[in-house]
Amino acid sequence: MQTVPTADTERAAERRPGDMAPEALKRIEAWLSLPRSDRAELLRGRIVYKAMAGIDHGAAGMNIGAQLDRFQGPPNGDGGGWWLSQDVDMFLAGQGLRPDLVGWRVDKNPRLPHKVNIGDKHLGVYVTPPDWVCEVLSGSTKTRDEEDGVKWRAYHEAGVSHYWLVDLSRERILVHRRGDLGYELIEEAGRESTRPLSPFDNLAFQAGRVFLLAGIIKAE
């Protein structure tokens, strides 16, 4: 993944909803007002809907979260060091995003990130750039997450250091690290992989668990 840097990259990465024009704030409020079941994001100023997630998509996200749970919270003898969550509404680099999984390093954010209120309804959105994002690819999101690039460009501009793409059709976890011009693929884990995946270096991550239902569906 490569992106052409723009003159206002740093400004875009630091943009906050309160600093935006009223028209832009109205679009953000309209997006946040939608039912979460609509599975919508705000990309390039337009509300874009995701298809309903399949059972394999949801299971993949749950299994990633379950394996990373030991890292949740302040550092301790057994793990910790991260604030981890799922399906968080975020406004980063001018885009309204809802990544499947997201994490902030505790050493960079000692306190939990807080929502910023938008509009008269005080709808909340997170603006603190995370350190890790994971997107589970589906047919309706593949171009936005991987090929078209609107989402990963926003993550790159915001300074997200690690970006995972989970490709259910190929049964691969693609681990990207932020570079100067874009994200660089540093690891690719198939279903037989049981090794650590950056940035979670102290866990033998079992990729097979992520693709369990995807494999069963393909076999039927």
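## How confident is the model?

Averaged over the protein, pLDDT is 87, and 86% of the residues score at least 70.

Over residues 2-14, pLDDT stays under 50, and the model has 18 contacts beyond four places in sequence for this stretch. A contact means heavy atoms within 4.5 Å. Where pLDDT is low, the predicted coordinates should not be read in detail.

## How to read the numbers

This is a predicted model, in which local features need pLDDT of at least 70 and side-chain atom pairs count only at pLDDT 80 or more, while totals for chains, interfaces and linings use all residues. Residues are numbered from 1 along each chain as its sequence is written, and side-chain values use heavy atoms, leaving out hydrogens and water.

## Salt bridges across the chain

How many salt bridges does a search of the whole structure find? There are ten, each defined as a side-chain nitrogen of Lys or Arg within 4 Å of a carboxyl oxygen of Asp or Glu. One of them joins the side chains of D89 and R36 (2.9 Å, N to O). D89 sits in the loop between β3 (82-86) and β4 (90-92) and R36 in the loop between α2 (22-33) and β1 (40-43), so this pair ties together parts that are 53 residues apart in sequence.

Are these two partners buried or exposed? D89 counts as buried because its relative accessibility is 11%, and R36 counts as partly exposed at 43%. The cut-offs are under 20% relative accessible area for buried, over 50% for exposed, and partly exposed in between (1.4 Å probe, protein chains only).

Another salt bridge brings together the side chains of K151 and E41 (3.0 Å, N to O). Since K151 lies in helix α5 (residues 150-158) and E41 in strand β1, the pair ties together parts that are 110 residues apart in sequence. Both K151 and E41 are buried.

## A linked network

E188 and R172 also meet through their side chains in a salt bridge (3.5 Å, N to O). This pair links distant parts of the chain, with E188 in strand β12 (residues 183-190) and R172 in strand β11 (residues 172-178), 16 residues apart. E188 is partly exposed at 35% relative accessible area, and R172 is partly exposed at 30%. Together with D167 and R170, these residues, R172 and E188, are linked in a network of salt bridges.

Conventions. Helix = DSSP H or I, 4+ residues; strand = E, 2+ residues; numbered from the N terminus. pLDDT = per-residue confidence, 0-100.
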